[in-house]
Amino acid sequence: MTILAIDDLRVHFDRRRTRLHAVRGVSLEVAAAECVGIVGESGSGKTQMFMAAMGLLAPGAEAAGSVRFEGTELLGAKAAALNRVRGSRLAMVFQDPMTSLTPHLTVGSQLSEVLVTHAGVSWPSAESGALRMLERVRVPEARRRLRQYPHELSGGLRQRVMIGMALLCDPALLIADEPTTALDVTVQSQVMDLLRSMRREIGMAVVLISHDLGVVAGLADRIVVMYAGRIVESGTAGDILERALHPYTAALLQCVPNLHGPRLHRMPSLPGQPPDPGTDAPGCAFAPRCAHVTQRCKAERPSLQIGPSAHAVACHYPLPA
Amino acid sequence: MTRYFLKRLAGAIPTLFIIITAAFFLMRAAPGGPFDQDQTLPPEILANLQSAYGLDRPLWVQYGRYLDALAHGDFGPSFKYKDFSVTELIGQGFPVTLELGVVALCVALTIGIPLGTFAALRHNSAADHATMAVAVIGIAVPSFVVLPFLALVFGLYLRWLPVAGWEPGSIRHLVLPVVALSLPPLATVARMTRGSMLEVLRSHFIRTAFAKGLPLHTVVLRHALRPALLPVAGYLAPAVASIMTGSLVVESMAGLPGIGRYLVQGALNRDYTLVMGMVIIYSTLLIAMGLVVDLLYLWLDPRIRFGR
Amino acid sequence: MTALHRLTANRAAVCAFAIVFLVTALAFLGPLCNPNDIETLDWAHVAAAPGRIGAHWFGTDRLGRDLYARTLEGIRVSLAVGLVASAISLVVGIAYGAVAGYLGGRADQFMMRFIEVLSGLPLIFFIIFLTVVFGRSPYLLFLAIGAVGWLTMARIVRGQTLSIRQREFIEAAVASGAGPARIIVRHVVPNLLGPVIVYATLTVPQIILFESFLSFLGLGVQEPHASLGTLIAEGAGEMESAPWILLVPGGFLACLLLCLNILGDGLRDALDVGGEI
C-alpha cells in the first residue's frame with residue numbers, strides 16, 4: 001500500500017534575476033513499512049524534495065506537482081491540515097542535531113509538546129510519555145535528561161532525542177535527512193542501529209536521505225539515486241548495489257571505502273562538478289563527467305526507463321550486467 | 001546563578017560610589033559658586049551664608065559630611081529653593097517622573113515587540129513596509145516636536161485630552177506625554193524585534209518546531225520569541241536612558257511636576273546639592289537597569305547561565 | 001556602479017534627498033526674497049498669523065520678530081552645527097577607531113572599554129553637569145555635540161580596520177618598509193569609505209537632534225542667534241494662542257530629521273552596510 005506518492009515534483013528558487021532549479025520533475029512512491037534510501041551529492045535535490053513535502057521550503061522557494069501522503073495532497077495544503085499530519089503521521093529528522101533543538105526549552109518540554117499538540121493529553125502525562133520514549137531510544141539517565149537543556153547533551157544524544165521526538169506519535173513515515181552526517185563514526189552506527197530497531201518495533205516506513213551509499217546500504221529495501229534534480233536510477237538495494245546500470249551509480253559505488261578489497265594508493269573520486277542549478281542545458285546532466293559519454297548523450301536527455309524487477313535507469317547506454 | 005548576580009551587584013556599588021565622588025569634587029573644584037547669581041552680597045553676609053551651608057570647611061570634611069548624610073537618605077538642602085531640602089524636592093517630584101517613565105517604557109515594549117513580530121511574519125508585505133515607515137518617523141522626530149503636535153491636534157482642536165498640566169492619579173494627563181516619550185524607543189524596539197525575529201525564524205530549531213506540526217502561534221511565542229528578544233534586552237538600558245533624557249523636555253512642556261525640571265534649573269542656578277541629588281538618582285536608576293538586564297539575559301538564554 | 005543604481009531606485013531616499021536639498025536652498029536663498037530680518041521688532045504685528053501683511057509669510061513671534069527670517073536662520077544654524085560637529089566627530093571617530101583597530105591587543109581593548117563606558121552614559125546629564133560646573137559657553141556646546149557622534153563611528157572604523165589588517169596587502173605594505181602611520185592613512189582609510197559615508201549621513205540628524213534638544217533646554221545656542229531648537233522652545237510657550245510659532249520650526253526640524261534618516265537608511269541599503277538600528 002502506497003503511503004507517499006510524489007508525482008512530477010518541481011522545486012525552484014527565484015534569486016534576483018535567475019531561477020534556480022532544485023528538483024526537476026521527480027516521481028516516486030513509498031509503500032508502507034518500506035525503507036527507501038535516497039542517494040545523491042549536495043545539490044542533487046534530495047533534501048529539497050522532502051522539504052517541499054513537509055511544507056518547510058525556505059521563503060522564496062516554490063513547489064509544483066503533487067505530493068500525496070495517505071491520500072491527502074500536501075503541496076499547497078492549508079496550515080491546519082498540514083499540522084495535523086506533520087509531527088504525528090509524517091515525521092522528519094534533520095542532519096544537524098547541534099542546532100535543531102530550541103536552546104531555551106528543556107528536552108522534556110520539547111518532547112512533551114508533541115504529545116500535547118497531537119494526542120491532546122495533559123502536560124504531566126505527556127511528560128511520562130516523553131520519559132518512556134527517551135528510554136526507548138536508549139538515552140541513559142533519562143529522568144535527569146528530561147530536565148536538561150539541549151546544550152547539556154552531546155551530539156549523539158541530541159540526535160537520539162530528535163529521533164524520539166519524531167517517533168512519539170507512531171508515524172507512518174519517518175524522513176531521516178542525513179541523520180548521521182554530523183556525528184562521529186562510532187555514534188553513527190549507534191544511530192543507524194536505533195533506526196533499524198525502531199523501524200522493526202513500530203513497523204513504519206523510512207526515507208533515508210544520504211550522500212553516503214554505505215550508510216544507505218545498511219538499511220534500505222529500495223535505493224533511489226539522484227543527480228542534478230532528477231532520478232537517474234532506482235531499484236531494489238540488491239539491484240543497485242550489485243548490478244548498477246547508471247555510470248554515476250557505479251562511480252558512487254567505487255567511492256565507498258572498502259576494507260576488504262585491494263589496497264588503493266588513491267581514493268577514487270569523481271572529476272568535475274554537478275551542473276549549475278540556474279541552467280537547463282539539453283542532454284544528459286551527467287554528460288560532462290561521464291566516462292562513456294557520446295554525442296547523443298550531450299544532445300538528448302535520457303528518460304527514466306523501467307526494467308525488470310522495477311529496476312529503472314535514465315541513461316542511453318546503461319552499463320552491462 | 002545568584003553568585004553571578006551578587007558579583008554584578010558588588011561591581012555596581014563601586015561604580016555608583018565613583019560617580020558620586022567624581023561629581024562631588026568636580027562640582028566643588030569648578031569656578032564660581034551657588035551664590036554667584038544673586039546680586040552682589042556684602043562679604044560678611046556671603047561668609048555667613050557659606051558657613052551656614054558648610055562651604056567654608058575643607059573639601060575633605062565637606063565630602064565626609066555629604067557621604068554621611070547620604071547614608072541617612074539626606075541629600076542636603078537646596079541652595080536655591082531655600083525652603084526645601086533636596087530630599088523633599090525629590091520626594092515630591094520623583095513619583096511623577098517614575099510613573100511617566102515606567103509607563104512609557106511599558107508602552108514601548110508592549111506595542112513595539114508585537115509590532116515588530118507582526119512585521120516579521122508578514123515580511124515584505126504592505127503591512128511590513130507601512131510599519132517600518134512609521135518606525136522611521138518615530139526614530140527621527142524628537143519628542144519635543146511630537147508632543148506639541150499631538151497636544152495641538154488632540155488637545156486644542158479635538159479637545160479629547162488636556163493639553164498640559166497634571167492631577168494626582170489622573171490618567172488623561174499622562175496620555176500625550178507618554179505617547180510622545182515612548183515613540184522613539186517604541187520605534188527602535190519594533191525595528192529591532194523585526195530584524196531579530198526574521199533571523200530567528202530562519203534557524204534550524206524553528207524548522208524542527210514546524211516539522212513537529214506545532215501551530216504558528218506556538219512556534220512564534222514559545223520557540224522564536226525568547227531568542228529574538230535578546231537584542232531588545234540589550235537595548236533596554238539605552239531605552240531607559242533615552243526615556244530619562246526625553247522626560248526632561250516632556251515634563252517641562254506638559255507641565256508635569258517631576259524631577260526633570262530640577263535638573264535643568266539646578267544646572268542653570270548652579271545649585272550643587274540639587275544637581276548632585278539628581279545625578280545620583282539617575283545614575284542609580286541606570287545601574288539598576290543594567291542589573292535587571294543581566295537577569296533578563298539569564299532567563300532568555302539558558303546557555304549564558306553556564307557561562308558559555 | 002550598482003550602488004548608485006540601487007540608491008536611485010529607492011524612491012523614498014531620492015525624495016528625501018530632494019527635500020533636504022530644497023530646504024537647504026530655501027534656508028540660504030530664502031532671505032533674498034523677503035525684506036525682513038531676524039532682529040527687527042515689528043510692534044504693529046506682534047504674534048501675527050502667517051499671511052501677506054508686512055511680508056510676514058510665516059507670521060511673527062510674540063516680540064514681533066518675523067518668523068520666516070528666524071526660521072530660515074534656525075535651519076541655517078542647525079545645519080551648520082550639524083555639519084561642522086559631524087565633521088569633527090567623523091575625524092575624531094575615524095582616527096580613534098583606526099588607531100585602535102590597527103594597534104590591536106591590549107591597547108585596542110582599553111580603547112574600546114573607554115567607548116563602552118561612554119556609550120552607557122546618557123550624554124545629556126553629563127552635559128548638564130558640565131554646564132553647572134563650567135557655566136554656559138559655546139566651546140562647551142561644541143564639545144558636547146562632538147561627543148555624540150564619534151562613538152559609533154569609532155566602533156565601526158575599528159571593526160573594519162581589524163578585518164582589513166589581516167589582509168595580504170597590508171603585509172605587503174609592511175614588508176616594503178611602510179610605517180604604521182603611512183599604512184593607516186594610505187591603505188586602511190580608503191577601504192572604510194562605505195560604512196563611513198552611511199554613518200556620517202546618519203550622524204548628522206543625530207547631532208542636529210541633540211543640539212536642538214540642548215537649545216530647547218536653554219543650554220545651547222545663545223541669543224540673538226537661534227537654532228530650530230530655540231525657536232521650538234519659544235513656540236512651546238505660545239502654543240495655545242499662536243501655534244504657528246512652534247509648528248513652523250517644528251515642522252522643518254521634523255522634516256529635516258526624517259529625510260536625513262531616510263537618506264541614511266537608503267545609503268546603507270545601497271552600499272550594503274549591515275548593522276542594527
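Two residues are in contact here if their C-beta atoms, placed from the backbone, lie within 7 Å. By that rule, 40 residues from chain B and 34 residues from chain C take part in the contact between these chains. This is a predicted model, in which local features need pLDDT of at least 70, side-chain atom pairs count only at pLDDT 80 or more, and totals for chains, interfaces and linings use all residues. Residues are numbered from 1 along each chain as its sequence is written, and chains are lettered from A and ligands numbered from 1 in the order in which they are written.

**Chain contacts**

Helices (H or I, at least four residues) and strands (E, at least two) are DSSP runs, numbered from the N terminus. On the side of chain B that touches chain C, H10(B) gives the most, with eight residues. Other elements that give two or more residues to this side include helix H1 (2-29), helix H7 (172-200) and H12 of chain B.

Chain B also meets chain A, with 20 residues of chain B in contact with 24 residues of chain A. Helix H8 (204-211), helix H9 (216-228) and helix H13 (302-305) of chain B each give two or more residues to that side. H8(B) supplies the largest share, seven residues.

| Side of chain B | Nonpolar | Polar | Charged |
|---|---|---|---|
| Touches chain C | 33 residues | five residues | two residues |

**A helix pair in chain B**

Helix H4 (residues 86-121) and helix H12 (residues 272-300) of chain B pack at an angle of about 50°, with their axes 10 Å apart. H4(B) is therefore oblique to H12(B); angles under 35 degrees count as roughly parallel, over 145 as roughly antiparallel, 65 to 115 as roughly perpendicular and the rest as oblique. From H4(B), B:Val86, B:Leu89 and B:Ile90 meet B:Thr273, B:Leu274, B:Gly277 and B:Ile281 in H12(B). This contact has five nonpolar, two polar and no charged residues.

Chain C has 11 helices and zero strands. Of its 277 residues, 46% are buried; a residue is buried if 20 or more other C-beta atoms lie within 10 Å of its own, exposed if 12 or fewer, and partly exposed in between. Among contacts in chain C between residues at least 6 apart in sequence, 69% join residues at least 24 apart.

A nonpolar core is a set of buried Ala, Val, Leu, Ile, Met, Phe, Trp, Tyr and Cys residues joined through C-beta atoms within 7 Å. The largest one holds 243 residues, of which A:Leu173, A:Val207 and C:Ile232 touch the most other members. Helix H3 (residues 67-103) of chain C gives the most to this core, with 16 residues. Beyond its neighbours within four places in sequence, A:Val207 has contacts that include A:Val30, A:Phe50 and A:Leu173.

**Two loop residues in chain A**

A:Arg138 is not a glycine, yet has a positive phi of about 60°. A:Arg138 lies in the loop between helix H4 (123-136) and helix H5 (142-146) of chain A, and is partly exposed, with 14 other C-beta atoms within 10 Å. A:Ser309 also has a positive phi, near 50°. The loop that holds A:Ser309 runs between strand S11 (305-306) and strand S12 (312-313) of chain A. A:Ser309 is exposed, because 10 other C-beta atoms lie within 10 Å.

Notes
Axes fitted to C-alpha atoms, helices over the stretch in contact; angles between N-to-C directions. Nonpolar A, V, L, I, M, F, W, Y, C, P; charged D, E, K, R; others polar.
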